[in-house]
Amino acid sequence: MLLLQPASAPSAPALAPVPQQPVGVTTGLDAAPVSLKPLSSADVDALKAKRSELSRQLTSVQNRRDEVSKELRGTTAESPSAKGLEQRLSVMDERIVQLERDIAANGRDAVFYTIVPCALGFVLVAITSRGVHRVVLGDDPIVLEAALRDALPAAQVVRDDAALGDMSASMVALASGAALSHALPLDVRGTAFQQRVWRELQRIPRGETITYAELAARIGAPKAVRAVGTACGANPVALVVPCHRVVRADGSLGGYAWGVERKERLLRDESKTP
């Protein structure tokens, strides 16, 4: 199992607005523990203090909003001051929403990540206390980091290259076509249909491919070929869930979220690596 040691055990952030469930699948042989340093007591105290301050700010803004709302009710629509009061209410409403999001994020599980060069450019791997959360390939580490933070606006995102050294080494090996030497629990979110697709993808042996139609048939949805392709494209953990091993019926590669050139090289390297 992948072992992390957070100060508490909050739930991992959701990645989409639809109802989702975590996928607890594993890949490889016996699990190899990976430890991540826990938050210090000072870190925990700082988080609590931040949450307390955010709550105080929220209460203050809400009270001011109530006062402005009461003042607005005492004016007529044509009053010169009405428009100004409405604008103040709008600004306060936006501030309240932001504070509520910040408070929610302050109580959530942290997402730890690292970015390292690999045979396919750069690979970003992010984990939570439950497992691998995201694996993304790209050409620019700055773009990869920005995309991660944009995708998880309510999460505490922390870079820790040292703690994730073993994990990044595994991703570098996978990017070169090597086999995964140990199991990796996943903490990824998807619809029930996406989960079925992602689980089946992990059953495709390294060095082999199947078609989108075959994948659809394997999950019991032979008419859902297009939906299967969409689920492959939504896979948040490249390499670990090998969506690159699915091709079109005519043998052409089809799409790949991280670039068809990378898909082609992955398949070639996997077929050559013992």
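**Entry 1: strand β2**

I started with β2 and found that eight of its nine residues are buried, so the strand is largely enclosed by the rest of the structure. I note here that I am reading a predicted model.

Which strands pair with β2? I looked up two of them. With β5 (residues 156-159), β2 pairs in the parallel sense over four bridges. I picked out one of the contacts in that pairing: phenylalanine 112 has valine 158 of β5 as its bridge partner. With β3, β2 pairs in the antiparallel sense over seven bridges. These two strands make a hairpin, and two residues lie between them. Cysteine 118 stands opposite glycine 121 of β3.

**Entry 2: on to β3 and β4**

I followed the chain into the next pairing. β3 and β4 run antiparallel to each other, with seven bridges. A hairpin connects them too, through two residues. Threonine 128 sits opposite glycine 131 of β4.

How many residues of β4 are buried? I found eight of eight, and I noted the strand as mostly covered.

I kept one reminder for reading these strands. In a regular strand, side chains alternate between the two faces of the sheet.

**Entry 3: the nonpolar cores**

Next I asked which residues touch the most other members of the largest nonpolar core. They are Val135, Leu201 and Leu239, in a core of 55 residues. I then listed elements that each supply at least two residues: β2 (110-118), β3 (121-128), β4 (131-138), α3 (141-151), α4 (165-175), α5, α6 and α7. β2 gives the most, seven residues. Another core lies apart from this one; it has nine residues, including Leu54, Val61, Leu85 and Leu99.

**Entry 4: leucine 239**

I came back to Leu239. It is found in the loop between α7 and β8. Is it buried or exposed? Leucine 239 is buried, at a relative accessible area of 5%. I set aside neighbours within four places in sequence and read off its contacts: Leu120, Val123, Val135, Leu137, Met171, Leu174, Ala175 and Leu266.

The backbone needed a second look. Leucine 239 has a positive phi of about 75°, although it is not a glycine. Most residues other than glycine have a negative phi.

**Entry 5: helix α7**

In α7 (residues 225-233), I marked Val228, Ala231 and Cys232 as buried. Why do they line one face of the helix? Seen down the axis of α7, its buried residues fall within an arc of 100°, so they share one face. On the other side, I found Arg226 and Thr230 exposed. What covers the buried residues? The cover includes α5 (192-201), α6 (212-218) and β8 (246-247).

**Entry 6: serine 170**

I looked up Ser170 and found it in helix α4. Serine 170 counts as buried because its relative accessible area is 11%, and the cut-off is under 20%. Leaving aside neighbours within four places in sequence, I found serine 170 in contact with Leu180 and His182. I checked the second of these by distance. Serine 170 and histidine 182 are 12 residues apart in sequence, and their C-alpha atoms are 9.0 Å apart in space.

**Entry 7: aromatic rings**

How many aromatic pairs does the whole structure hold? My search of the whole structure gave one. Tyrosine 256 and tryptophan 258 form it, edge-to-face, at 5.3 Å centre to centre and with 70° between the planes. I then checked the cover on each partner. Tyrosine 256 is buried, at 10% relative accessibility. Tryptophan 258 is buried as well, with a relative accessible area of 11%.

**Entry 8: the chain as a whole**

I counted eight helices and eight strands in the chain. Of its 274 residues, 43% count as buried. The accessible surface comes to about 14,100 Å², and carbon and sulfur atoms hold 53% of that. Residues 24 or more positions apart account for 70% of them.

Definitions and conventions
Residues numbered from 1 in each chain as written. Predicted model: local features only at pLDDT ≥ 70, side-chain atom pairs only at ≥ 80, totals over all residues. Heavy atoms only, no water. Buried < 20%, exposed > 50% of the residue type's maximum accessible area, 1.4 Å probe, protein only. Arc of directions from axis to C-beta. Contact = heavy atoms within 4.5 Å. Core = buried A, V, L, I, M, F, W, Y, C linked by side-chain atoms within 4.5 Å. Areas by Shrake-Rupley, 256 points an atom, 1.4 Å probe, with all protein chains shown as cover. Phe/Tyr/Trp six-rings, centres within 6.5 Å; stacked < 30°, edge-to-face > 60°. Pairing = 2+ DSSP bridges.
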